Amino acid sequence: MKIACLGWGSLIWKTGALPVASQWHHDGPEIPIEFVRIADGGELSTAICLNARPVPVLWAWLNTASLESACRALRLREAIPDSRADGIGMMTVTETSVGPLAEWAQAKGIEGVIWTGLPARMAGVEGQIPTLDDARHYLQSLTGETREHAYNYIDQVPAQIDTAYRRAFADLTRWQPDSAPVTVAITQLHLPSPEV
């Protein structure tokens with residue numbers, strides 16, 4: 001079975017247990033993606049968001065014999081427990097499959113597609129979509145290594161994942177402490193000695 005995985009975040013540069021058998025191709029289907037999930041590492045990660053504008057995602061072939069084994073590998077890479085039903089998405093593609101994703105897969109000769117299906121998450125609430133203000137405030141509130149990690153994540157997400165939130169993050173102060181030290185030059189005045 002010819003199986004592909006869709007990607008739009010850290011999976012692309014850190015595949016882990018996923019048996020990727022090709023480079024990541026940039027001509028994937030258009031999926032509504034946004035920076036809306038506060039991940040376990042503190043970064044504001046990308047996730048499918050029905051409220052977002054679709055962007056072309058990436059895809060790669062997998063070296064696996066079945067959709068079930070592909071899903072197990074992606075579940076392992078994403079550290080998603082088996083008890084969680086919404087963590088992984090999958091689709092078998094046949095000649096009679098319909099819809100944009102199926103049509104894209106048929107054109108590529110793909111027989112099965114998998115993807116990470118974790119939802120938005122804000123303030124520990126699964127499914128909660130942060131507003132743009134929420135997302136900006138969250139990033140600005142980060143400090144230290146978590147802050148650096150979060151901004152590095154945004155930088156590493158491929159440029160084609162060009163979302164509204166990402167554009168709005170462009171003016172945020174990056175990797176700088178909240179208040180940079182200020183150097184003040186002090187000039188000493190030497191007054192003439194009073195005459196006696």
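A residue is called buried when its relative accessible area is under 20%, exposed when that area is over 50%, and partly exposed in between, using a 1.4 Å probe and the protein chains only. The model is a predicted one, in which local features need pLDDT of at least 70 and side-chain atom pairs count only at pLDDT 80 or more, whereas totals for chains, interfaces and linings use all residues. Residues are numbered from 1 along each chain as its sequence is written, and side-chain values use heavy atoms, with hydrogens and water left out.

With that definition in hand, we can turn to helix H1, residues 67-77, where eight of the 11 residues are buried, so that the helix is largely enclosed by the rest of the structure. The buried residues of H1 are Leu 67, Ser 69, Ala 70, Cys 71, Ala 73, Leu 74, Arg 75 and Arg 77. Helices (H or I, at least four residues) and strands (E, at least two) are here DSSP runs, numbered from the N terminus.

Ala 65 is placed in the loop between strand E5 (58-61) and H1, and it counts as exposed because its relative accessibility is 66%. Leaving out residues up to four places away in sequence, Ala 65 touches Met 1 and Ile 3, where contact means heavy atoms within 4.5 Å. Ala 65 and Ile 3 are 62 residues apart in sequence, yet their C-alpha atoms are 8.0 Å apart in space. Ala 79 lies in the loop between H1 and E6, and it too counts as exposed, at 66% relative accessibility. Ala 79 takes a positive phi of about 55°, although it is not a glycine. Most residues other than glycine have a negative phi. Ala 123, in the loop between strand E8 (121-122) and E9, likewise has a positive phi of about 55° without being a glycine, and it is exposed, with a relative accessibility of 71%.

Stepping back to the whole protein, its secondary structure comes to five helices and nine strands, and from the N terminus on the elements run β-β-β-β-β-α-β-α-β-β-β-α-α-α. Of the 196 residues, 45% count as buried. Among contacts between residues at least 6 apart in sequence, 69% join residues at least 24 apart. The protein exposes about 11,200 Å², of which carbon and sulfur atoms supply 54%, the areas coming from the Shrake-Rupley method with a 1.4 Å probe.

Two threonines in loops can be set side by side. Thr 163 is found in the loop between helix H4 (144-156) and helix H5 (164-169), and it counts as buried because its relative accessibility is 2%. Its side chain is joined to that of Glu 34 by a polar contact of 2.5 Å; such a contact is a pair of N or O atoms within 3.5 Å, and within protein one must be able to donate a hydrogen and the other to accept it, while residues adjacent in sequence count only if both atoms are side-chain atoms. Apart from its neighbours within four places in sequence, Thr 163 is in contact with Ile 33, Glu 34, Phe 35 and Arg 53. Thr 131, by comparison, sits in the loop between strand E9 (125-126) and helix H3 (132-141), and at 42% relative accessibility it counts as partly exposed. A polar atom of the Thr 131 side chain lies 3.0 Å from the backbone nitrogen of Asp 134. Thr 131 and Val 36 are 95 residues apart in sequence, but 8.4 Å apart in space from C-alpha to C-alpha. Asp 133 has its place in helix H3 and is exposed, with a relative accessible area of 59%.

The last stop is the largest pocket, which has a volume of about 650 Å³. The lining holds 30 residues, and Ser 10, Ala 39, Glu 43, Arg 77 and Glu 78 lie nearest the centre of the pocket. On a 1 Å grid over the protein atoms alone, a pocket is an open set of points where a 1.4 Å probe fits, with protein on both sides within 12 Å along at least five of seven lines, and lining residues have an atom within 4 Å of a point.

Technical notes:
Grid points are joined across faces, edges and corners, and a volume is the space filled by probe spheres set on the points.
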